[in-house]
Amino acid sequence: MGSQTPLKLPVIDFSKPDLKPGTNEWDLVKGQVRVALEDYGCFEATFDKIPLDLREAIFGSLEELFDLPLQTKLRNVSNKPYHGYVGQYPQVPLYESMGIDDANIIEKVEALTATLWPRGNSSFSKTVQSFSEKLSELDQTIRKMVLESFGLEKYMDEHMDSTNYLLRVMKYKGPKTTETKLGLNSHTDKNIVTILYQNQVDGLEVRTKEGEWVNVNPSKHSFIVMIGESLHAWLNGRLHAPYHRVMMTGDKARYSTGLFSIPKAGYMIKAPDEMVDEAHPLLFKPFDHVEFLGFYYTEAGQKAESALKVFCGL
């Protein structure tokens, strides 16, 4: 169970019109991002480039998607672990999700849409693509600030080009009880950066560095930004990748989206020399994210306290 008092994550404003590299505003926000990610591994972001009607439309699209017959949803398949349809798991009966690779690219979204709706559904495609493209701007801003804050500007182009986007959309059925039920198991994300957006049904809990589970209740106007283990490893442990889970109560369904920046297959995640010194010895051997994911979903990976340390720790 989470604590009785919801955690107030740092709230960082990315809506300022003059938020451009080299400005005082940029440097101020950049400092806030670094401190929040060192202390919590996550923060609440306000970002006004996604208009309210698009935010509302994305949840309408999610309801339409998850209302499809199971046999239709099962057409969303992927050779990458956790990128296709996920559901029907006895351990987490309230949870189902769907992955949309390269969701910021309209042709990729339209291809999946045609699989699920052979007669077409242009409003779904446009909503998903537009939402993902605009939210990817926030991801890129945050990652640029992180690299700048560590003096890693010379790696900027390589780092930004080494990833693509997965939009993972999720539904958690209301358990129809006042008791708290597990919606999604405790885990760390394995990617670079995750940006979560939810409807107004809470349930997200984050574990602090001290080991306390606390409720995170963002406003309907904000996003939760979270660090994944691939960025944690690339920065040689300088930023915290937090454990988090979903706990459900009541009878309302919780819908959420997660935009994940993910290392491309074949790209080796290796800490830059600047991140390694006597005070910060190298923590991980270079690794391929897709191979790491493959290990994570094995029995050994699932049992490990830290799959990353088992897979490539030094």
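Me: Which residues touch the most other members of the largest nonpolar core?
Reply: In soluble globular proteins, nonpolar side chains tend to be buried together. In this predicted model, the largest nonpolar core has 69 residues, and F14, V33, F43, F131 and L235 touch the most other members. Helix α5 (residues 122–149) gives the most to this core, nine residues. There is also a second, separate core of ten residues, with V92, L94, M170 and M248 among them.

Me: With which residues is V33 in contact, leaving aside neighbours within four places in sequence?
Reply: V33 contacts I12, F14, F43, I142, M145 and V146.

Me: At what angle do helix α1 and α5 pack?
Reply: Helix α1 (residues 24–39) meets α5 at about 85°, and the axes are 9 Å apart. Angles of 65 to 115 degrees count as roughly perpendicular, so α1 and α5 are roughly perpendicular to each other. From α1 the contact uses W26, V29, K30, V33, R34 and L37, and from α5 it uses T141, I142, K144, M145, V146, E148 and S149. By type, the residues of this contact are seven nonpolar, two polar and four charged.

Me: What is the strand order in the open sheet of four strands?
Reply: Strands of a sheet pair through backbone hydrogen bonds, either parallel or antiparallel. Here the order is β5-β10-β7-β8, and the pairing is antiparallel. β5 (177–187) and β8 (213–215) each have a single partner strand, so one side of each is left without a neighbour in the sheet. On average, neighbouring strands are turned by 30° against each other, direction ignored.

Me: How many bridges join strand β7 to strand β10?
Reply: Three bridges join β7 (residues 204–207) to β10 (residues 244–250), and the two strands run antiparallel. L204 has V246 of β10 as its bridge partner.

How values were computed. Residues are numbered from 1 along each chain as its sequence is written. This is a predicted model: local features need pLDDT of at least 70, side-chain atom pairs count only at pLDDT 80 or more; totals for chains, interfaces and linings use all residues. Side-chain values use heavy atoms; hydrogens and water are left out. A nonpolar core is a set of buried Ala, Val, Leu, Ile, Met, Phe, Trp, Tyr and Cys residues joined through side-chain atoms within 4.5 Å. Buried means under 20% relative accessible area, exposed over 50%, partly exposed in between (1.4 Å probe, protein chains only). Contact means heavy atoms within 4.5 Å. Two strands pair if DSSP finds at least two bridges between them. Axes are lines fitted to C-alpha atoms, for helices over the stretch in contact, and angles run from 0 to 180 degrees between N-to-C directions. Angles under 35 degrees count as roughly parallel, over 145 as roughly antiparallel, 65 to 115 as roughly perpendicular and the rest as oblique. Ala, Val, Leu, Ile, Met, Phe, Trp, Tyr, Cys and Pro count as nonpolar, Asp, Glu, Lys and Arg as charged, and the others, Gly among them, as polar.
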